[in-house]
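Dear colleague,

I am handing over a structure that I have been reading through, and I would be glad if you looked at it alongside my notes.

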Amino acid sequence: MPLLNKKRVPATLNISSNPKRQSKEVWYLRSTNEVFKDYESYINKLTLYHQAIWECERTGKTNLTYEQALESERNEHERAEYHFSEVLRKSILNQVQFQTLHIDDLVDQIYSHFSNNFVIGEVLRCHLSNYDYIARVLDIVPIQVLSTTSNNTNYAANSNSENQPDEANVPRQPNGRLRFPDAFLHPTPQQHSASVPASNSISPEHSDISQDREEFVTEYRYKVQLMDENGRPLEKLTRIVEGSTFIRDRQLFNPYNIQCFIRDCCYRENYVYSPWLIKPTTASMYGIETSLPPYLEKFQNQVFDIPSKRRKIINSNHHKTPDEKEAEKQARREETLLHKAKLKEERDRLRIERKKQAAVKYPVEDLDLPIYRKDPNNNWALIDMSPRIYVSRDGIIPYPSGGRSERPIPHHDSNIPAELFDTFLSTWAFLTVFAEPLKVTAYSVDEFEKALFHDTHQPKATVLVEYNACLLNVIIKERKDNTSNEIINGDASENYLESLEKSNDESDDENDGNSKQAGSKLKPESSQLPKIERGWRDKDHLRFAQKWDNKELRANYERRGWETTLIGCINDIATPELLPSIDDLLCHLNPKLNSSAADREKQYPTLSIKQKLDILEFLVNVVNESTIIKNYMEYCQDQLTDFRKHKVELNKESKALAAKRIEMDKRDKLEKSEDNNEEDEGEESASDNSDNSNEDSDMESDSSETRLANRKHRQISRQEKLKQKQKAREEMEIQRKKQYAEQRQIAKAKNQEHRNRMSERRKLEEDERMIKRKEDHIEKNMRRYMTLRIRPLGKDRFNNRYIYLDNVGVSNTYGTGRLYVSSPTDIDIQMMMERDFDTSELPDRAWGYGGGHWFIIKLMKEQGFAEESEWLDKRMNELSTPHPSEYRGWWKYYSEPEEIEQLLSWLNPKGIREQKLKTELLKQQPNIMDSFRKRANALAKEASPAPEEATDDTPPPPKRSTRSKSSAAK
């Protein structure tokens, strides 16, 4: 239960339920299940519980609210009480009972005592004969051992040190008596002269003589029963061992668990030298006496009986001279002045810090945000960590989290090697973006990855067959149209062969000169190419793939013979410069001389992943320069231009609607204020009318009295008076009806005007929704015709790029179903490295700058970028050398909606890069979530196929695209 001032606060007694009693309103406190009859007592108790003045009873944590202390006790589910055996718990409690030591001293005393002393019934590990056994202590056996001791002091001193170890450390008065309150805590011991054995008595003449003497000392051995792992005793395995053979588990028996155990099971009153007392429930469980000893009870009663003022008088020394009192006053006055000076200095410093922080104009450079450099332990003091000021290279960043939530850890479970992931992703992106002109089905990344690992020719890897065949068809069509592309029409290959022939001729001339000098008449045979069996430009390849570009590969024939077409294409248009591993590829695709089409068909699936990606990358690079792709890109640019124009028009309409909405809001606000004024005026006029009516009634009463008094002097008959009153009532009724009709007309006009405005506002909202739908449609179409394959959404504070590849081009799949995170480029890394050098040219700013290399790496590690920080540190060191290695980045991804939400909360919009990134992520968040959902559904379907699909071994037919043909693709 939480403590207040070291005491438990009793709960309010609940109202007993009585069904006969009438229902009454009460106030219920949920955290303590207390019920209050009146609101005042309820709010007072609630305010008390919400103050940070409570203490956790188990852990000793202070400055908590009641609920926080209660939660701290609940979280302490593994109580230290159950870390010890029952017999050890009881022995510890007996040692703690009635002790007056501080908790730390008491814990040290308990720990040191039970580290070398053991309890009957305790189960411990026992080390015997170089083996560890489980043993139960059965008995403690005292043994008399003869030992030799050296006596260098008198007997009285030895007697005091041996028999009274506790009393010797207690301070005493000059007359030998104990000081208050030690006199109550340590009662006067009995005289020890009678208890001194005769063997220990020493004659006075020998009291100061140093001599060695032999005496019997009592030592303790332990009788133990060895047991097996299940706790069953082993027969005839009872031993008597020393205490040093026992081994306690230090993870369970340690000062921290002992302190927690004492706090759980014991308590003490809130006065000086109060004893430790065992809680009543715990004492009854272990059968421990709880009544105080007489001397402690007497001291407690005396403490509780002394009033607070009298205690102050007793404790204070009131026998002081006036000079001493004046000196004390002067000292207190100087201390107060010093304290005020310190407070003023601290206020000035805080004011300067606030000015520095108020001078920041966000957004700023992400790594220069002041929040990382504010010290929360020093009143949020701001530290300038620019390299020219902060020289340390292994410093501590005061507030590395920046008050943001933790970054979600991205996934990296792809089977594609890291060095090939760039090629893999860029190839898939090209084939997806340009799926329409290439007339290829847009497959997902997961299908493409699965196809790369397919290593059998039956069933075929449909994805790779379609990709290779469609790329080859574009090349064949370009060659038929006599394209001017040097690679596709074979000019690049011919030029490369001519350069090889020239170099061979030069080498032949040198060989001729050498042969003439040697007197040889033989001319060495010149070779056009290096001879590699079944390699590039091999005669066997030229023989069976001579007519590879005569016809396109048709889908209705399952792209039959596409492997032979691929070999012919590589032979005719590829070169070792364009495809470095060309010889190995052709040698693998053609397994032997005079091979058949069936043999070549079996070879492609057995290529490695790198070789398959090399072929696709080569074909993609060739097709990228084709006329079909260029025409499609021009067509896409025209479409994007039209969409941008429409978007500009929609922006104008949106601004006009926003201005109209602002005008309507202002008008409604003005009319509302006018209506309120009219209501106030109407109330005033009604009050005036009532006053006038009262005055008229008074006047009428006065006139009636006058008429009655002067009735004889008037000639007006009673009938005439009644007629006049009737006429006045009729005129008032006519006027009332007329006024009612006018008010009704006004109300009808106002209602009609209100309906018109509501309809106008509904139309405005409908127009805004329509414009929003049009903008979303334009954005979707613009992303469809976006030909930039890999375009990052933005960068975070460490220049990591976030790339979303879905909804680019026309696709009938979910695409990637991921948000990719890529490593920073070398240019970004060099810009981060420049933070260590060009700081002298930066202008001075009140809020300062962030650090350089060490600051970035340290901040990344503190924020959970362990692997990324190691890679960045290594890359920075490589770029600082004259010849850095080739860039090899890393790729990771997010695929869960919760990770996107956590990422958005991690991004800090006060930084320039993360503000742009967060804006783009929020803009694309619906599309990202939709692609995540589609991918999850697709993976779920693959994991649980239908029964008829599971038994069918035939491969599925290739998917066909349903896109419409564009004019650029024709």
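This is a predicted model: local features need pLDDT of at least 70, side-chain atom pairs count only at pLDDT 80 or more; totals for chains, interfaces and linings use all residues.

Residues are numbered from 1 along each chain as its sequence is written, and side-chain values use heavy atoms, with hydrogens and water left out.

The secondary structure of the chain comes to 29 helices and 17 strands, where helices (H or I, at least four residues) and strands (E, at least two) are DSSP runs numbered from the N terminus. Of the 970 residues in the chain, 35% are buried, a word that stands for under 20% relative accessible area, with exposed being over 50% and partly exposed in between (1.4 Å probe, protein chains only). Among contacts (heavy atoms within 4.5 Å) between residues at least 6 apart in sequence, 69% join residues at least 24 apart.

The sheet is open and has 4 strands in the order β14-β15-β16-β17, with antiparallel pairing; two strands pair if DSSP finds at least two bridges between them. Because β14 (792-795) and β17 stand at the edges with a single partner strand each, one side of each is left without a neighbour in the sheet. From one strand to the next, the twist averages 25 degrees.

Within this sheet, strand β16 (residues 819-822) points Leu819 and Val821 one way and Tyr820 and Ser822 the other way, and all of them are buried. Strand β15 (residues 801-803) pairs with β16 over 3 bridges, and Tyr802 stands opposite Val821. On β17 (residues 891-894), which pairs with β16 over 4 bridges, the bridge partner of Val821 is Lys892.

Helix α25 (residues 853-862) and helix α26 (residues 866-879) pack at an angle of about 160 degrees, with their axes 9 Å apart; axes are lines fitted to C-alpha atoms, for helices over the stretch in contact, and angles run from 0 to 180 degrees between N-to-C directions. The two helices, α25 and α26, are therefore roughly antiparallel, a label for angles over 145 degrees. Residues of α25 that meet α26 include Ile856 and Met860, and among those they face are Leu872 and Met876.

Key
Angles under 35 degrees count as roughly parallel, over 145 as roughly antiparallel, 65 to 115 as roughly perpendicular and the rest as oblique.
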